[in-house]
Amino acid sequence: MACTSTRPSPGSLLDMPDPTLQDEPATTREQTLLDENQRLRKVCAALIERVESSGVAEGAPYAAFEHAVLLAEQVRERTETLHRTLDELGQVNAQLREEIRSRAAAEQRLIEAKQEAEAANLSKTKFLAAVSHDLLQPLNAARLFTSALGEHEVPDDSRRLVEHIGRSLKDVETLLGTLVDISRLDAGVLKADVAPFSAASLLDTLAQEYHQIAASQGLTLRYVRSGAVIDSDLQLLARVVRNFLTNAIRYTERGHVLLGCRRREDGLEICVGDTGPGIPDDQRQAIFLEFRRAERRRDDNDRGLGLGLAIVDRITSMLGYPVHLASRPGKGSMFSVLVPYGHLPAAQHVQEKVEAIPGSEPLAGRTVWVIDDDLAIRQGMQALLGSWGCRVITAARPDILARDADSRPDVLIVDYHLEEGVPDGLAVASRLHERWPALPVLIITANHDATLKRRARMLGFAWLLKPVKPLRLKMQLLSLLERT
């Protein structure tokens with residue numbers, strides 16, 4: 001190894017006399033130089049001693065230098081590595097920014113597509129609502145005419161034709177109403193109008209209506225009446241129970257269908273049971289999906305879409321009502337919905353009971369005013385109510401007041417949507433109600449708006465949706481007349 005000591009070797013320049021002074025005699029100057037040389041030699045020795053005792057690696061300055069060079073080289077290498085890493089991170093960062101921009105653009109496109117889909121869905125809902133209203137008008141008139149014809153004495157062959165026409169019209173009404181309801185529920189535009197009412201006011205009418213339907217299929221409908229008061233949207237709950245009853249009759253070949261209630265601690269359980277084939281375990285979830293039906297059907301000509309229980313699921317989910325299904329294959333099924341109890345105001349707590357319609361017409365001799373801007377509806381109402389023995393006065397506008405200013409009707413039936421330039425049905429009914437405060441009023445409309453139903457209820461008016469079911473209309477009229 002090369003010598004790294006800082007101590008001068010023997011014979012170094014510091015020990016050599018100046019050549020210029022070797023041949024000269026010693027003088028004072030020479031002595032001075034020798035003294036200075038000696039002093040410098042001591043200083044050098046002291047500096048060397050201090051350097052060697054400074055604690056540097058191996059006690060040598062060159063080793064310190066080598067260490068410093070090594071550290072510098074490591075710093076340079078690490079700096080270069082850091083620069084390369086920073087360059088790579090910069091490239092990755094640029095790629096990430098580009099990906100983020102790409103994803104942001106994709107998300108924006110998704111948001112725009114979702115908005116377009118929602119707008120299209122809402123437009124579809126509005127279109128279906130408008131189309132359904134226009135379609136329901138002639139359909140409503142056709143059902144009124146068919147029901148009126150069924151009240152007349154006709155030959156058996158003609159009566160069967162009338163029944164077929166009525167059944168076909170009912171199928172059209174069911175299909176159209178189902179499609180519109182699904183569209184409204186999916187779009188979130190169908191809102192609940194929750195109010196207290198007696199369970200019997202709903203179930204009595206349904207029992208009377210489906211008693212005839214069950215009898216036409218060779219089945220017996222057993223109905224257990226309840227006097228409980230519940231808190232719900234009457235129209236929406238009616239749709240749920242109707243779907244239960246329709247399915248029970250559709251899939252039951254023989255035996256009976258049961259409609260009844262059970263009082264539970266947290267609400268009234270409305271039950272519909274049957275003696276049909278039952279539902280296998282692996283189908284109990286699927287039957288609540290759209291366009292899903294049980295494998296066995298009672299009638300191969302049945303034109304249902306498989307949407308009944310899908311509507312039940314949506315309505316009960318919106319209302320927050322639990323639905324229960326109990327079934328035993330080969331024995332039958334029972335669907336039920338749990339509805340919270342309600343409390344009627346003391347003034348409205350009337351025991352309502354709709355008895356079976358006797359052979360003699362209970363509406364005979366009653367005067368009924370009908371205000372509707374559709375001529376076919378007025379003619380259909382005239383024919384149907386006239387077949388029940390009513391005295392019917394119809395008009396497109398409320399100018400009926402001028403024509404019969406001195407007579408008071410027993411019941412007023414008014415359409416909500418009247419012709420342009422005429423106040424709506426609620427306003428017309430309110431004006432007549434001011435004149436005759438005890439006048440029973442029935443508002444008929446294809447509008448499902450919960451706000452309108454709430455306004456009608458606050459005014460004390462009954463509410464019926466188009467297309468009007470003749471039996472439902474008769475029950476509603478009887479109920480209104482019983483309160484006067």
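**A close look at helix α7**

Modeller: The buried residues of α7 are Ile 377, Arg 378, Gly 380, Met 381, Leu 384 and Leu 385. Viewed down the axis of α7, these buried residues fall within an arc of 165 degrees, so they line one face of the helix. Keep in mind that this is a predicted model.

Now the length. Helix α7 covers residues 375-387, which is 13 residues. At 1.5 Å a residue, α7 should span 18 Å.

Next, the ends. Asp 374 caps the N-terminal end of α7. A side-chain oxygen of Asp 374 lies 2.9 Å from the backbone nitrogen of Ala 376. Just after α7 comes Gly 389, with a positive phi of about 90 degrees.

For context, look elsewhere in the model. There, 5 strands form an open sheet with mixed pairing, in the order β2-β4-β5-β7-β6. Its edge strands are β2 (220-223) and β6 (323-328), and each pairs on one side only. Within the sheet, β5 (residues 267-274) and β7 (residues 332-339) run antiparallel and are joined by 6 bridges. Gly 273 stands opposite Met 334 in β7.

Last, the cysteines. The structure holds 0 disulfides. Cys 271 is buried, with a relative accessible area of 5%. The closest cysteine sulfur to that of Cys 271 is in Cys 261, 7.1 Å away, which is too far for a bond.

Notes:
Residues are numbered from 1 along each chain as its sequence is written. This is a predicted model: local features need pLDDT of at least 70, side-chain atom pairs count only at pLDDT 80 or more; totals for chains, interfaces and linings use all residues. Side-chain values use heavy atoms; hydrogens and water are left out. Helices (H or I, at least four residues) and strands (E, at least two) are DSSP runs, numbered from the N terminus. The expected span of a helix is 1.5 Å times one less than its number of residues. Buried means under 20% relative accessible area, exposed over 50%, partly exposed in between (1.4 Å probe, protein chains only). The arc is that of the directions from the helix axis to the C-beta atoms. A polar contact is a pair of N or O atoms within 3.5 Å; within protein, one must be able to donate a hydrogen and the other to accept it, and residues adjacent in sequence count only if both atoms are side-chain atoms. A disulfide is a pair of cysteine sulfur atoms within 2.5 Å. Two strands pair if DSSP finds at least two bridges between them.
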